[in-house]
Amino acid sequence: MTIELPRPRLSPEADALSAHVIVVGNQKGGAGKSTIAMHLAVALMRMGKRTGALDLDVRQRTLTRYVENRAATIAAQGANLAAPQMLDIGLSASRDADVADMEDEAALAVAMKRLAATCDYIVIDVPAGDCHISRAAHAEADTLVTPMNDSFVDFDLLGAVSTGSPDEVRPSIYSEWVWECRKRKAQATGRAIDWVVLRNRTATSRIEAKNKQAVGDALKTLSGRIGFRIVPGLSERVIFRELFLQGLTLLDLDREGGGLKMTHLAARQELRDLFIALKLPGFEGEALRF
Ligand SMILES: Nc1ncnc2c1ncn2[C@@H]1O[C@H](COP(=O)(O)OP(=O)(O)O)[C@@H](O)[C@H]1O
Ligand SMILES: [Mg+2]
C-alpha cells in the first residue's frame, strides 16, 4: 500500500514557524475534536499564551461557530472572556484535484505563518475523513492530539484488532499515515511530532467498566507498537454540549460566580490533568491558572 502524503516543505519559512502547533485530529467524526480544540485554546489563553486557531473543517465549521458564539456572549454580556484569533481558510475551488491540493496546502501555510507572527500557539481543528489539507496539517504538528470515543468501534481507527485479543492489534491506515508524517517532519525540520491519544466521553457508570478496561488494555499495547502517548481522557458530561451555544468552556464557568457543581469541578480537573500531561513548552514550573 502506498501512502500519499504532502511533500515536506523545506523552505526556510516553514522552519522558522515559531509558534507551537497543536493539531487535534483523527479520521472519525464526533470524537470531540472541536470541543477539545476549543478547550485547549481557552486553557492556553488562561495560561497567558497568545493563541490562534484554524478551523479546517470548512463544512461543519464547529470551532468557528464556537468562537462566534463566544463573541456574541462577550458582546451581549460584556463578559471578560478571551477568544482565540481565528483565520478563515477558504478551500480551493479548482476542479483539478492536484491544483486544489496545492492551493489548499499553500493557503494553510499562509494562514499558519500569519498566525505565527502574533501567536505563541496555534490550535488546528481538522475535519474527519481523509483529505489533503488534513494530512498537510498533521505534517505541521508539534503536538498531535487524537481524541477517540471509548469503544472498539473507535479503536479501529488506530488499530485493527483481528482476533479479538488486544495482543493481536495492528496499526490502521490512520496510524500508518501519522507515522509517515512524523518521519517526513523529522527529515524536513529535524523536529518530532508528539502524538497523544485520549479517550473521550468515557462512561462514569460501573456497567461500562469492563469495556473501558478492555479498550484501555488494547490502547496500551498499541501505544507501545506505534509510539503514541496515552494521556488522561474526559468523561461523558452533558455540560460539554450545553456550553457550545454560549461559546463557553468549562474553564469559563468559575467566572460566572455562584459556585460550581461537583460534576463541573470534576470535569475541569480532568482538563487540568490532560493539560499537564500534554507537556507543552513554556509552562515549566508554572502553576495552572484554570
Ligand atoms: N466529554 C464529552 N461529554 C459529552 N459530550 C461531549 C463530550 N465531548 C464532546 N461531546 C459532544 O459530542 C459531540 C461531538 O463533539 P465534537 O467536538 O463536535 O466532535 P468532532 O469535532 O470530533 O466531530 C458534540 O455534541 C459535543 O458537544
Ligand atoms: Mg469537529
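Two strands pair if DSSP finds at least two bridges between them. Helices (H or I, at least four residues) and strands (E, at least two) are DSSP runs, numbered from the N terminus. The model is predicted: local features need pLDDT of at least 70, side-chain atom pairs count only at pLDDT 80 or more, and totals for chains, interfaces and linings use all residues. Residues are numbered from 1 along each chain as its sequence is written, while chains are lettered from A and ligands numbered from 1 in the order in which they are written.

**View 1. Strand E2 and its two partners.** Strand E2 (residues 51-55) pairs with strand E4 (residues 121-125) in the parallel sense over five bridges. Strand E3 (residues 85-87) also runs parallel to E2, joined by three bridges. Gly52 has Ile122 as its bridge partner in E4 and stands opposite Gln85 in E3. Five of the five residues of E2 are buried (buried: 20 or more other C-beta atoms within 10 Å of the residue's own; exposed: 12 or fewer; partly exposed: in between; C-beta atoms placed from the backbone). Thr51, Ala53 and Asp55 lie on one side of E2, with Gly52 and Leu54 on the other.

**View 2. Helix H3 between E2 and E3.** E2, H3 and E3 make a right-handed β-α-β unit (with the strands pointing away from the viewer, the path from the first strand over the helix to the second runs clockwise). H3 (residues 62-77) has 16 residues and spans 22 Å from its first C-alpha to its last, close to the 22 Å expected (1.5 Å times one less than the number of residues). Its buried residues are Leu63, Tyr66, Val67 and Arg70. They cover an arc of only 90 degrees around the axis, which puts them on the same side of H3 (arc: that of the directions from the helix axis to the C-beta atoms). Exposed Ala75 and Ala76 are on the face turned away from the buried side.

**View 3. The shell around ligand 1.** Ligand 1 is surrounded by 17 residues, the closest being Gly32, Lys33, Ser34, Thr35 and Phe240 (near: C-beta atom, placed from the backbone, within 6 Å). Helix H2 (33-46) gives the most, with three residues; strand E8 (194-202) and helix H9 (239-243) each supply at least two.

**View 4. Strands E8 and E9.** E8 pairs with strand E9 (residues 229-235) in the parallel sense over five bridges. The bridge partner of Thr202 in E9 is Ser235. Together with helix H8 (residues 209-226), E8 and E9 make a right-handed β-α-β unit.
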